[in-house]
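Dear colleague,

I am handing over the structure below, together with some notes on what was found in it. Please read them alongside the coordinates.

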Amino acid sequence: MIWYARLLCHHPYAVLSSVVVVVVTCLVLSLTARPLPNFTEPSLGFESRGTVISQRAVAWDNLLEATRPGGPLSVNPSDDPSFKSQPSSSGNNGDKETENKKRPNHTHQVCIEMTPNGTVEVFNCSSILDRNSSEVREKVEDTPIFDLRDLVNLPQKNEERESPSEYNTENEWGHVHKTSYHENENEVHHHNHLGEDGFFCNPVVPEYGRMIIKSKVPRDTLITLKHLQAICELDDRLRSPAEFRPICETWSPGHCCPSWSLPNYVALLSNRTSCHYITEDDVVNVHRLLIRCARYLDLQLEGGCGGHAGCQRVPQLCLQHDAVYTILHYLVDAAFLNPEVPDPDHPQPYKHPEPHHKHQREQLQQLLSLTAVFVPVARSSDALPYFEALQNLDLTVDNVTVAAMDLGLKDALFDKLLMSNSFLLGVGAGIVVLLMWCYTGSLFITVVTITTVACALVIAYFMYIFIYEITFFPYMNVLTTVIAIGIGADDTFVYCRVWTLAKQDKNSGTMVKLVADALHHAAASIIVTSLTTAAAFFASCVSHITAIRCFSIFAGTVVLANLLLMLTWVPACVVVAERWGASTCCLCVPPAPVYAPHLPPRCSVVCALPLRFCYSCAESARVFFEKMLPWVIVKPRHLWVLLLGTLAACSAVVVFYFPGLKLPDSQMFQLFSRDHVFEQYDLVYKYKFWFERNLRNDIVNRLPVRIVWGIKPVDNGDYLNPASKGTLEYDENFDVAQPESQEWLLNFCRDLRNQSFYMSTLGPLLPNCFIETFKSWMERKCIDPITGVDRSPCCEASKFPYPRDVFDKCIHKGIMALYQTPREYFIPGVAGPKFSRKTGNIVAIVVEYDSNTLWSLSYEDMQEFFIQVDTWVTKQMKLAPKQMQGGWFTSYLSFFDVQQSLSIGTGIAVAVAVGVSLAVLVMTTLNVVVSLLAVLSVGSVILVTLAALVLLGWHLNVLESVTVSVAIGLAVDLTLHYGVAYQLSPEADREAAVSWAVARLGSPVFMAAATSLAAGITMLPAKVLVYVHIGTFLTVVTTASYIYPTLFYLPLLRIFGPESGCGQLSYPQLRCCSCCSQGSQPHVDKTVYQQAFMSESTLSTSSTSCPAPQTHPSSDTHELEPLTAMRLAGRGGTHTRAVHNPTRHKVGLAEPPPISVVPHNHIAAHNEVGVNSETGRAARSGSLSSSVCVRDHANFVPRKVSLPSPGGAVSEGGEPSPRHIVAPASSATTILYSEPDMDCGQQSQHAPEGNTPIIRTPDNGTLVA
């Protein structure tokens, strides 16, 4: 430690230059070599990677991607050119005939399915024969779309309008607008773009923006004339902003299309030109029409009737203008005329109680609680100015208000507010700077600390990008800035306190010794807390959530980078401050209280009032932390332990029992507060309308049971990059062509249908288990009775199981024939064989059936389903032939996997963090009792924090899981400061040790908590939920992290803390220290450090690693003794200085250096000093610091001259303060350095001008003033 202290003292600018070069290099490379992160997709990375379920899900996604056109796999041999030449029983005549047929309306629906696995494309969302079958909601991307158009008579126009690609992330509005609404682009500006009804421009589609309207009066129906007119007026307000016209769809130049609203459809059906002219009779007639037609329409079907054949049974009046279907499907809530669906007033599925009277039942069915208004504006980020204009309008008319809206710009608004609300981070940082400035008393040290935090972030980002090579940077990593400021301030406060007390010590006579002691003691506490905090962050890497892993790595790296700078950059800056800061007038700001008596007249007037105020606050704080707070902690210690222990126990009940820490109950990642109109739409109203429910079929359909063979369930992508999904890995053992494999697979399908989780469905299930369909197809006649074509060997002549050559030849023909089946009997799905486009062989197969379990947000229900099915499938695989044992099960389980990862991963992270913290504590304090009590305190902080968040309504989502990791780090930080101080206390008694620890570290711990608390409070007014959550979390965790270490951990140490070495461990190699101290004196550096007036705010310590034997209890931390214990009653006018003896520079010499001859009238005995002096003692006064060389250690009388009191120690008239009996200073503060290791006898020194010269005595070489 001495060599490093010398380096810092003699070459501080070299250290600073090295740090600057490293930081600048990291900054330049980070800004230029790689693109900066963007947060346009804030929910990116909130998924599990590396779990069993996630690996299967990734393998499944890769399989779907591989079967796309142009991929390596095919689901239909007719897609491959190598199979085109093969004869087919159907040939191409059927296709030509199909093309000539008239295309019926509503024969094939194409929609988007929002599933837990993402957005998938769904053909025929529901069919007449089998509404619940799995094929109905599966994406047919494994059958090329261009083939399906010819095979199944798809209307080209409807498909392009309603089936955007699953993997197309671009805005689809332009494509929809182009293909659906402009038949002839050349006529865009030459005629009105009104629809066939002459009222609306186009049919309404989900790509338009919409507002949800509700009444403020509970149980009030909106289908009345008064409310419809209010909605009509509200629609006018929605269209009134100037920002609306540039982005709206127009029916003629300068005229926006009408909104799709219930009042407008009433006007259309009543032949009114505007909704302002509708009458009571019009409303009644439309209401009756809706009641009459609702019984004929199935809102889960396209057009409400499932195609041309189904629509023939619907009265023509119900099909007029497609108005009834549009109203029921898009504009009114699903509970209207259908009480079996969830009640709009309840967020959870709820069934109305059965009314006792028919009249009550009719009223209940006819209650319209919600209605939607679709505006002719595309859902895109272009609507952001329009939304901002709407925020300035009153969107309430006659108790009818806009409750929610969806304009497709939630992410864009979040990205903007994330940057605009960042000023709150600046406000918080400013408050932290102000608090640091007030505490340290030095603007320079405050700036250094903030620079340290910024440099730590730069270094950590460089390592994150270039060393770790992580390309994904989630927006949660930005929150590390707040944490870094809190940790940096905490370390600075501790270092500041230790340095201040060290400079007031009686042995800090040299700069090297001062720096060495500061690093020896302050660094001990900083290193312990930094390592445990970093360990708490890195422990969260056990989580399977990508965003949490990335945050843990970055936050842990920031803490380690801050530790490195606290040991290099900050000490070097302090040395530089000591060299030039004391003699300049520019520091008339704090720490000027120390230099106030010596300021030039031009500064004294400016600084007088602030200096007195600062000193008054400092004195009050000193009295509180050194006198009052120890009494508050020690005396009612049993009361504190009982109260806070009970609170921790109650918190455990709240977290684990009731109400309990709940898992997330929504797949939608919440970006704003719950009352925001965008969040209200996603969380409350979204799935209360049929069009949204149909876009997400898993809300009404069953969970599929999918079993996959031929593909290994592995995820070989980068787990820290959400975009890296890896590639397919094929199972080399898979071979379904083997006869035993065919027979086993057939029995497997039969056994699956006999299981309790199987859902029996009506209609043909041709693709579900292809081996059954293939076997049935092979049982046909060998000679075609019509054409006379010989079908051998693909006919009844071949017996099941089929030989390999027959299977390989016939499977292609069978699948091609299956895909030519009319759509009423076969709807392509994901089930079936997957062929290699290169070899034509089957490389994978999928068997799929519906289960009787509905997809749910309930963790328990989904867990039961997964365990039941996966256990059965695993058992079956063990009984399968070797080539079929690689099968695995998957379904819509991604959200359940996230819930499970959060539930299990968070608990593991907490356990690992606490365990690592305990290990670090034991290794550093070497005391088991202190460490165990610290872990008890940390655990209590975590429980109380989590309980407070649970009571605030938080759920354990991704952001909340991150806060748990942060809570561990912050809780450990403050607790360990007290633990280390208690362990290093020179007092053997528990009460004295606790009082000693509080007096020394009470103020820095309090200021560290105050800075974090201030940063958290300033973030509460933010509009972005993540800022609000972080502010709330910091407020709660900081409060708990200060109260429990101070009022729970310290009383525990007072009651159960070790004393007299109880529970103390030791390292064998450290015993040499006590051996060397038996016959040697400690090393004292010869760099004379002279400073008359010490700054309370610049920072260091004094001690040696091997102290001399002492009779009074002592420790390595004697420099932390109170200033009041080291003051003398008086000081003389002449002083002595020690001349360095070269023999004292050698550690281990038995002979002590010579003692100085000092006039007895200038020596005041001070027997109450807690620790005996070492050989070198510093006698400070006026403008010099003196050290006395002692020849006879036994005859030496320790003495200490008190320092001049800061600021108020000297009155305006030059009289000493009653509390500080010192003489007024006569000269400015100076710092003098002499060359180190100079012989006492070879140098003579002259006193500064105005002082008594120093004379060298011939007998012992001591200079006497």
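In what order do the four strands of the open sheet run? This is a predicted model, and in it the order is β7-β4-β9-β8, with the strands paired in the antiparallel sense. The edges are formed by β7 (370-378) and β8 (396-397), each of which pairs on one side only. Between β4, which covers residues 208-215, and β7 there are seven bridges in the antiparallel sense, and among the residues concerned M211 has V373 in β7 as its bridge partner. Helix α8 (residues 225-238) lies across β4, β7, β8 and β9 (400-406), and runs at about 50 degrees to β9.

A pair of helices may also interest you. Helix α16 (residues 423-440) packs with helix α17 (residues 443-467) at an angle of about 135 degrees, their axes being 8 Å apart, which means that α16 is oblique to α17. The crossing of α16 past α17 is right-handed. On the α16 side the contact involves V433, M436, W437 and T440, which meet L443, I445, T446, T449 and I450 of α17; by class, this contact holds six nonpolar and three polar residues, and no charged ones.

Leaving aside residues up to four places away in sequence, S940 touches A648, Y1044 and F1048.

Note on methods
Residues numbered from 1 in each chain as written. Predicted model: local features only at pLDDT ≥ 70, side-chain atom pairs only at ≥ 80, totals over all residues. Heavy atoms only, no water. Pairing = 2+ DSSP bridges. Helix = DSSP H or I, 4+ residues; strand = E, 2+ residues; numbered from the N terminus. Contact = heavy atoms within 4.5 Å. Axes fitted to C-alpha atoms, helices over the stretch in contact; angles between N-to-C directions. Parallel < 35°, antiparallel > 145°, perpendicular 65-115°, else oblique. Left-handed = near helix turned anticlockwise from the far one by under 90°. Nonpolar A, V, L, I, M, F, W, Y, C, P; charged D, E, K, R; others polar.
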